Amino acid sequence: MSRLLNPDRPGQASIRRRNGKLRDSRITLSHGSGGKAMRDLIDDVFVGSFGNAVLEPLEDQARLNLTNLVAQGDRLAFTTDSYVVDPLFFPGGDIGALAVNGTINDLAVSGARPLYLSCSVILEEGLSVETLRRVAHSMAEAARAANVAIVTGDTKVVPRGAADKLFISTAGIGVIPKETNIAAGRARARDVVIVNGTIGDHGAAILCARQDLALGTTIESDCRSLHGLIRAMLEACPDIHCLRDATRGGVATVLNEFAQAASVCIRFDETSVPVCEPVKGVCEILGLDPLYMANEGKLVAVVPRESADTVLAAMRAHPAGRDSAIVGEVIAEPQGVVLLRTVFGGERIVDMLVGEQLPRIC
Amino acid sequence: MKYVDEFRDPVKAKVLLKEIEALVERIALCRQRPLQLMEVCGGHTHSIFKYGIEPMLPKAIEFVHGPGCPVCVLPMGRVDDCVALAEHPQVIFTTFGDAMRVPGSRKSLLQARADGADVRMVYSPMDALKIARANPHREVVFFALGFETTMPSTALTVLQAEREGIKNFSLFCNHITIIPTIKAILDSPELTLDGFLGPGHVSMVIGTAPYEFIARHYRKPIVVAGFEPLDILQSVWMLLKQLTEGRCEVENQYQRVVPDAGNDQALTAVGRVFELREFFEWRGLGSIDHSGIRLKQSYARFDAERKFSVPNLKIADPKSCQCGEVLKGVIKPWECKVFGGACTPETPLGALMVSSEGACAAYYNYGGVDLARLIRARAEKAPAEART
């Protein structure tokens, strides 16, 4: 399908690419037609931003050197994700940064070193070219910061109303080092549960950015890549048992996944879970629970008790983990259950979220 | 968080719990059977579970979770009416989020939206009015739901629509009033309740006087309570204090929000546009006289039931559900035949499993360890048990 990145015959691309210049101010159906308008769009907006040695030849596929990959580990990590966030731009990030960092994080929580990304965009007719440029620029920035290359892609334009402004799909490839074995089923009794900072920031930021709530507070999304932090954690303790980024469904969902996969109980303490004050406030007003709110730069780790302090220290020394905290522990019974000691001193179950997390009315 | 954390202080909780234990010792009744205290309002049920309050209390105190969750007590036939209105091609149906998932006999509003109906979630009736202004060629129906807490904002929205001469806005009115329902529960022959935690938000509007009959005629103590965990503990303490001293009074723990006289302006707005229905159907409790609210004849043009033809069918609750018995405190949620098996928050059969403020959903989501085991065992045993 990558044909659309290179409508030209092979060989001519590298000569004519530099000429591609997009002069329109709005996306029209012709930008997805496979003709000159599309080539200009790809050259000017995407290649101009993403430019790298693998992408440059503009073949229908990216060609990756196997020897390079094999030298870095013994398993390939491969993941894909789609991004449809509304609004496209929000405090702390935008759909582009999200699409890059989200896929990097999905790779990184396996212990993999993220290397290559693909980028498919679905554009709604009428989208401003300026918006698309900003998003592409943001993707390029995020990829550069993470030392990851966007090496192949695709562009489609659909008529007005058939999609909402801009959707992005990214797939990613990384390599898992030989000794690393991180899996949800590896949580063991006596292990310790750590999160890398305040939870619920992304979910609350999106809620506040949607105008209809008019909450008058600005919360920044925590959107960021986590592979640097994870590398530091693995250096501190190569035997990390479980690792997952707490995106949709939040920390509560990840803990339930671990408890069920490993048939253990995870018990944690509400007072030790970091939540920033504005997020607490938004949750309070809307009757939401930060434990279920989405994050885009937060992970939950289960580590052997003996290594907990070393891992925590390594996390706190990294910019993505300054507010890391031990929040709970793994115990044997009751299997598959997550227990919370509430701020008030009571104890209750924390289950998987059912349906959307909707505000209560009274 | 200022003004919130103070009411969640675990150190203060310990002090209160000690005093509550001492009071329980002095109540002779507690040696024969657990003391049953009904929290009328779903907001209280939610707090009790969210903070894990019940297991902190002496075993001699049991909470009975009352009918004060407007989403839970909405009969299935009314949900069907909502869906019918929403499916009208001219209509934009606006609703609070909680009501979206309530199952009707055919489908929920969420399913109706997936099937193409224009259903929009709003945070206030004024948002619905805004949609009406922006779409003059469509009919905007607001799903008015709730007790006296939400009634004033609906009333003010109708008055605003009248002032602006907006013609494409109407209510599907399902407001209900709590007092006749408390009375119906008190008249129930199976009643074993010893006291009430009165609804805080409702009382902010109606004041404390309407509860006098509970103390005077039925000789039950009632304390109007706030929603933070320390509010609830203090209210329990106040109820126990009344019981040890042989008093039956209406007391107000939530004085920082609830004026004893209520809110005059709110009541005036409600009185201008609304009147009592002769009777109204409650899910799990049946028909209760003078418990429903509708628009007055002079505001009939804002009444969706009169503006559109609404099927208004009575749909019986599934037979296997024992919501009514749970609401009256006769059985505990997990003693219901279908709890955790055929009836779960994902596929609720009964009303009390629907909203997070419903007693059954609260037990299911926030219950203790033993309950989690029970739920798991039932789910494995009978996933497809009788949808009768």
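Let me start with one pair of residues. In chain B, B:Ala144 stands opposite B:Cys173, and B:Cys173 belongs to strand β6(B). Keep in mind that this is a predicted model.

Now the strands around that pair. Strand β5 of chain B covers residues 139–146. β5(B) runs parallel to β6(B), and seven bridges join them.

Zoom out to the sheet. It is an open sheet of four strands in chain B, in the order β4-β3-β5-β6. The pairing is parallel. Which strands are at the edge? They are β4, residues 119–121, and β6, residues 169–175, of chain B. Each pairs on one side only. Neighbouring strands are turned against each other by 25° on average, ignoring direction.

A helix lies across this sheet. That is α5 of chain B, residues 125–134. It lies across β3 (91–95), β4, β5 and β6 of chain B. Relative to β5(B), helix α5(B) runs at about 175°.

One stop at a loop. B:Asp115 sits between α4 (109–114) and β4 of chain B. Buried or exposed? B:Asp115 has 12 C-beta neighbours inside 10 Å, so it counts as exposed. Now look at B:Glu87. In sequence, B:Asp115 and B:Glu87 are 28 residues apart. In space, their C-alpha atoms are 9.0 Å apart.

Next, the domains of chain B. Domain 1 is 5–67 + 191–199 + 215–252. Domain 2 is 76–177 + 262–307. Domain 3 is 323–380. Let me take domains 1 and 3 of chain B. Their centres, over C-alpha atoms, are separated by 22 Å. Domain 1 of chain B puts 15 residues into the contact, and domain 3 of chain B puts in ten.

Which elements of domain 1 of chain B give two or more residues to that side? They are β1 (35–41), α2 (42–50) and β2 (61–68) of chain B. α2(B) gives the most, with six residues. By class, this side of domain 1 of chain B has six nonpolar residues, eight polar and one charged.

On to chain A. Here, too, there is an open sheet of four strands. The order is β1-β6-β4-β5 of chain A, and the pairing is mixed. At the edges stand β1 (75–83) and β5 (149–158) of chain A. Each has a single partner strand, so one side of each is left without a neighbour in the sheet. From one strand to the next, the twist averages 15°.

Follow β4 of chain A, residues 113–124. It pairs with β6 of chain A, residues 166–176, in the antiparallel sense, over eight bridges. A:Ile122 has A:Phe167 in β6(A) as its bridge partner. α5(A) packs on this sheet and touches β4, β5 and β6 of chain A. The direction of α5(A) makes about 175° with that of β4(A).

β4(A) also pairs with β5(A), in the parallel sense, over nine bridges. There, A:Glu124 stands opposite A:Val158 in β5(A). How covered is β5(A)? Mostly: seven of its ten residues are buried.

Now two helices of chain A. α4 is residues 95–108, and α5 is residues 129–146. Their axes come within 7 Å and cross at roughly 30°. The crossing is right-handed. On the α4(A) side, the residues include A:Ile95, A:Val100 and A:Ile104. On the α5(A) side, they include A:Val135, A:Met139 and A:Ala146. By class, the contact has eleven nonpolar residues, three polar and no charged ones.

Last, the domains of chain A. Domain 1 is 25–176, and domain 2 is 184–349. Their C-alpha centres lie 28 Å apart. In the contact, 20 residues of domain 1 of chain A meet 21 residues of domain 2 of chain A.

What supplies the domain 1 side in chain A? α4, β4 and α5 of chain A each supply at least two residues. Which of the elements gives the most? That is α4(A), with eight residues. By class, this side of domain 1 of chain A has twelve nonpolar, six polar and two charged residues.

Conventions:
Residues are numbered from 1 along each chain as its sequence is written. Chains are lettered from A and ligands numbered from 1 in the order in which they are written. This is a predicted model: local features need pLDDT of at least 70, side-chain atom pairs count only at pLDDT 80 or more; totals for chains, interfaces and linings use all residues. Two strands pair if DSSP finds at least two bridges between them. Axes are lines fitted to C-alpha atoms, for helices over the stretch in contact, and angles run from 0 to 180 degrees between N-to-C directions. Two residues are in contact if their C-beta atoms, placed from the backbone, lie within 7 Å. A crossing is left-handed if the near helix is turned anticlockwise from the far one by less than a right angle, and right-handed if clockwise. Ala, Val, Leu, Ile, Met, Phe, Trp, Tyr, Cys and Pro count as nonpolar, Asp, Glu, Lys and Arg as charged, and the others, Gly among them, as polar. Domain bounds come from an automatic or database domain assignment. A residue is buried if 20 or more other C-beta atoms lie within 10 Å of its own, exposed if 12 or fewer, and partly exposed in between; C-beta atoms are placed from the backbone.
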